[in-house]
Amino acid sequence: MDGLKEDAQLAVRELQSNDILRTSTSIKDASGKISGGERTVRGPIASLACTTKGEIYEDNISRSFLIAVDESKEQTLKIIRYQNEVSAGLVDKEEQKRVTTFVQNCIRLLKPYEVINPYANKIQLPESAHKIRRLNELYQSFVKQITLLNQYQRKQDKQGRLITETEDLQTACEILFESIVLKVDELDGSLRQFFERLKSHLKDKEQEFTQREIRQMLNISKAQCSRFFNHLQEMEYITAKYSGNQRKVCYKVDYWDNYAKVRTQIKDDLMNQIAGL
């Protein structure tokens, strides 16, 4: 996304939302005469974008499922273990290709069906989510995709349409849960992970700290640490002040939210709604 002009982003958003893109263009005929015409590109499309400046692309983000890179120590150890196994020749690449081909062949067996969700008006997403209109549309679309994947286990109505089951709703909530939480949280994924790691290393809410202490404690670069601190200050999660020598800048957490409790409440609310069906 970084580097795309605004008119290019507008075209991408239009294709995502309407599944069709029409643009005016010049057309030259066989005699060389130039006249006005219209170029049409039809969707739907699959798009994947990566950026560290999510707040700039709010209009693009609202049309997409949000994910955040897992920067935890456990995930890092998993990646290193896999890299070491590849280097040691312990990973069977032929088996990887076989599994990939098997999944592709499974997808080829799927047939296009219209899907109806009889429970669509009985599941309410968190009202605190940003852009909840589009989030609800994304959720309903995802439920339809899961129903299509399970089409050989789903019933059809008299018109030949697939009927969504409660299992599809539960699967959608489990897979989309992190994306839903990211839509609710005003901090983006990487910033939230940093803030939670920061809080876990502090002894109490009143403890003061410096950028140097945190970047050494969390083993991150100076530029990355400084960017996170600036964002947290802008969002009024931490405050800064000078210490006694007027040169050393110390920080303190000003807003200590309970992120784990919010996650639990959202998960329990969604699962209770599904269980009530």
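**Salt bridges, a helix face and a surface patch**

Glu196 and Arg192 sit four residues apart in helix 7, about one turn of the helix; helices (H or I, at least four residues) and strands (E, at least two) are DSSP runs numbered from the N terminus. The model is predicted, with local features needing pLDDT of at least 70 and side-chain atom pairs counting only at pLDDT 80 or more, while totals for chains, interfaces and linings use all residues. Residues are numbered from 1 along each chain as its sequence is written, and side-chain values use heavy atoms, leaving out hydrogens and water.

Glu196 forms a salt bridge with Arg192, with the closest N and O atoms 2.7 Å apart. Here a salt bridge is a side-chain nitrogen of Lys or Arg within 4 Å of a carboxyl oxygen of Asp or Glu. Arg192 is also bridged to Asp185, at 2.6 Å between the closest N and O atoms. Arg192 is buried, with a relative accessible area of 3%, whereas Glu196 is partly exposed at 25%; buried means under 20% relative accessible area, exposed over 50%, and partly exposed in between (1.4 Å probe, protein chains only). A network of salt bridges links Asp185, Arg192, Glu196, Lys199 and Asp257.

Across the whole structure, 14 salt bridges are found. One of them joins Arg154 to Asp168, the closest N and O atoms being 2.9 Å apart. This pair links distant parts of the chain, from the loop between helix 5 (132-149) and strand 4 (162-163) to helix 6 (residues 166-184). Both ends count as buried: Arg154 at 12% relative accessibility and Asp168 at 0%.

Helix 8 (residues 211-218) has Gln211, Ile214 and Leu218 as its buried residues. These cover an arc of only 70° around the axis, so they lie on the same side of helix 8; the arc is that of the directions from the helix axis to the C-beta atoms. Arg212 and Gln216 are exposed on the other side of helix 8. Just after helix 8, Asn219 takes a positive phi of about 60°.

A nonpolar patch on the surface is formed by Val99, Phe102, Val103, Ile107 and Leu149, with about 460 Å² of accessible area together. Patches are made of residues with over 30% relative accessible area and no salt bridge, like charges being joined within 9 Å and nonpolar side chains (Val, Leu, Ile, Met, Phe, Trp, Tyr) within 5 Å; accessible areas come from the Shrake-Rupley method with a 1.4 Å probe, and for residues only the protein chains shown count as cover. Helix 4 (residues 93-108) gives the most to this patch, with four residues.
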